[in-house]
Amino acid sequence: MFDLIWKNIVRRKNQSILTIAITAITIFTFVLFFGVFITMRQGLSESADRLGADAIIIPSTANANGYELLYTSNPENEYMSIDVMKQVEKLDGVEKISPQFFSQTIDGSCCDFGMEMRLVGFDPNSDFVVKSLLNQKDYEELTDQDIILGGEFTDYVGKTARVLDTPFHVGGELYPTGTGLDKTIFLKIDRARQITKDAENLNVLPEGVDPSTLISAVMVKLDGSITPDKFAHDFIFSGIDAQCISTTDTVAALQTQLAGISKIIFGIWLALLAVAVLALVGRFNALAKDRKKEIGLMRAIGVQKKQVFMLIIGEACTMALAGGAAGSIAAGLCLSPVMNMIQTTFMLPPAVWNIGMTILSGVLGVVLSLVICFCAAINSAIKSASLEPQTAITQGEVN
Amino acid sequence: MTVCKLEHISKHFRNGETITPLKDINLEISKSEFVVIEGPSGMGKSTLLYVIGTLLKSDGGSLFIDGRNVAEMTDEEQTSLRADKIGFLFQDSNLIQALTLRENLEFAEKISNSKKDCSAVDEYLEKLGLSDRADYLPHQLSGGQKRRAMVARALIKNPMLILADEPTNDLDDVWAGKIIELLNDCCRNGASVVMVTHDEKWTTNATRKYSLEDGILVKL
């Protein structure tokens with residue numbers, strides 16, 4: 001019977017290709033949407049877990065770019081006085097603060113990394129944001145010659161890398177966040193200020209101002225006695241010449257975005273699934289009808305009902321396996337570019353898509369294809385197995 | 001030895017009006033008999049074959065095959081009976097489309113539980129002049145070749161009872177004669193044949209002849 005299943009699929013090429021294509025498209029859609037959905041959820045969850053700052057203080061003239069501000073200062077040369085730190089420190093509910101200094105965006109030609117990146121200075125002594133994202137356990141205190149790389153740089157730890165013609169020791173790498181942080185090089189804040197001052201073509205610092213008195217952002221950790229929203233609200237009336245961004249708002253906005261996108265994805269997926277199932281039901285019914293006479297013949301020459309049932313289900317499951325595998329592989333290949341597109345468009349933080357997730361979604365895709373095809377074929381299989389041989393032979397289509 | 005026995009078999013079809021192609025049919029077929037049923041088209045000859053072959057349930061009467069009452073057999077048992085002991089030759093050309101000629105014969109041979117020392121596929125392909133078409137799919141065969149293939153498929157499992165519905169359709173006289181001779185050989189080897197035909201030319205070797213008229217079997 002397995003031989004007949006295989007030959008029915010291989011020698012009825014057009015019918016089989018159509019059925020496999022419908023299955024493959026369904027599973028492609030499922031795996032792709034599943035992957036994007038899971039990755040986005042995972043990304044948000046991981047981001048929230050690692051979120052060190054409850055609020056960020058930035059210059060009043062700077063653009064408040066939601067998600068980017070969760071980890072670093074804005075990638076723009078807007079600065080405020082270091083005195084802001086002292087003022088912020090005195091505000092109610094503040095547990096920790098840590099300054100950051102954005103130096104510049106540099107292109108790949110100046111460094112060993114071959115991509116555009118940002119140079120940001122931070123204070124390792126007071127920092128609580130960058131440390132929480134470090135993926136090295138044996139992190140040692142930074143020196144002036146050390147740098148920490150964002151999530152897009154890999155396999156540099158312990159090596160020497162050239163940045164702006166200066167050799168640095170790579171002291172650590174950060175987890176990917178899906179933000180500009182991944183393309184950021186962190187170095188000690190004083191070194192970043194010095195680089196900005198020395199850059200001949202930059203001219204971004206106010207004339208005559210000592211850069212050591214400037215900062216781009218203050219990351220704020222609250223002690224729990226006040227919510228980030230309340231802190232941001234109170235900040236408006238504090239008289240400090242800066243603006244405060246509550247990360248609660250950012251995360252909430254992301255969650256709202258994600259929930260909306262999730263609903264859209266789920267809705268589209270459900271609709272596609274329904275269409276695909278109906279199409280497959282139609283396919284299997286048509287296949288069974290086309291072969292009514294043949295099935296009658298098989299029953300007449302001694303093929304049992306259960307064997308006819310197994311024949312139809314076997315064909316459906318074999319085509320489901322082929323379609324499911326093809327759809328899963330195609331989706332796996334498309335997932336990365338699609339996620340990049342979504343990340344760029346929505347500023348969402350997708351987590352890293354790893355091989356384990358790929359295998360899981362592929363297996364789920366194949367299992368789903370088997371379930372869909374089984375459900376779509378079961379009615380045809382039962383009907384075909386129940387055919388009265390004489391009726392099938394005399395009323396079936398003539399082959 | 002009785003191979004097949006029909007007692008008061010009747011069959012009705014209701015399609016607006018009630019048609020009764022078989023009325024109180026009584027027939028007993030013994031081993032090695034060649035029974036011919038003649039009559040014009042549409043008189044119920046094929047229906048009678050389908051009933052004898054357990055493909056169609058009668059509405060009245062009893063059918064015994066190889067001593068067993070078919071009505072008391074399960075569907076599975078009836079299917080096994082068809083696989084092992086009954087060889088069908090249908091009126092229409094009817095082969096499994098995804099299998100080559102050889103594979104169609106092998107399929108029929110495999111389904112049957114009759115154990116043989118070696119496959120008879122090549123022997124039947126040779127006998128029916130189909131050796132050079134063995135690897136062709138049904139749609140690549142002519143009507144006559146398909147008819148001969150169906151004969152091979154019916155006979156390959158050495159059935160106890162052969163039910164042949166117009167077996168000479170689509171065949172020229174040479175091949176039709178050879179098919180009838182093959183059926184006669186089967187009878188000589190112990191099988192029983194019930195053949196339906198409207199062409200008297202092929203009935204000369206019949207043990208008995210009947211005509212089906214208005215649902216009643218009349219011995220000729």
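Leaving aside neighbours within four places in sequence, B:F107 is in contact with A:L4, B:I96 and B:L99, where two residues count as in contact if their C-beta atoms, placed from the backbone, lie within 7 Å. The structure is a predicted model, in which local features need pLDDT of at least 70 and side-chain atom pairs count only at pLDDT 80 or more, while totals for chains, interfaces and linings use all residues. Residues are numbered from 1 along each chain as its sequence is written, and chains are lettered from A and ligands numbered from 1 in the order in which they are written.

B:F107 is found in helix α3 of chain B, helices (H or I, at least four residues) and strands (E, at least two) being DSSP runs numbered from the N terminus. B:F107 is classed as buried because 22 other C-beta atoms lie within 10 Å; a residue is buried if 20 or more other C-beta atoms, placed from the backbone, lie within 10 Å of its own, exposed if 12 or fewer, and partly exposed in between.

Between the chains, 22 residues of chain B are in contact with 21 residues of chain A. On the side of chain B that touches chain A, α2 (75–85) and α3 (101–111) of chain B each supply at least two residues, and the largest share, six residues, comes from α2(B). The residues of this side divide into 13 nonpolar, five polar and four charged, where Ala, Val, Leu, Ile, Met, Phe, Trp, Tyr, Cys and Pro count as nonpolar, Asp, Glu, Lys and Arg as charged, and the others, Gly among them, as polar.

Within chain A, A:L280 lies in helix α7 (residues 247–290) and is buried, with 24 other C-beta atoms within 10 Å. Not counting residues up to four places away in sequence, A:L280 touches A:I22, A:T23, A:I372, A:C373 and A:A376. A:L280 and A:T23 are 257 residues apart in sequence, but 7.7 Å apart in space, C-alpha to C-alpha.

Chain A also contains an open sheet of nine strands with mixed pairing, in the order β6-β7-β5-β8-β4-β3-β10-β1-β11; two strands pair if DSSP finds at least two bridges between them. Strands of a sheet pair through backbone hydrogen bonds, either parallel or antiparallel. At the edges stand β6 (160–163) and β11 (243–246) of chain A, each with a single partner strand, so one side of each is left without a neighbour in the sheet. β4(A) and β8(A) pair in the parallel sense over five bridges, and A:L119 has A:I185 in β8(A) as its bridge partner.

Two helices of chain A are described together with these strands. In helix α5 (residues 189–198) of chain A, the buried residues include A:I189, A:R191 and A:I195, and the buried residues of α5(A) pack against β3 (94–106), β4 (117–122) and β8 (184–188) of chain A. Helix α6 (residues 228–236) of chain A lies across β1 (55–58), β10 (217–222) and β11 of chain A, and runs at about 165° to β11(A), with axes being lines fitted to C-alpha atoms, for helices over the stretch in contact, and angles running from 0 to 180 degrees between N-to-C directions.
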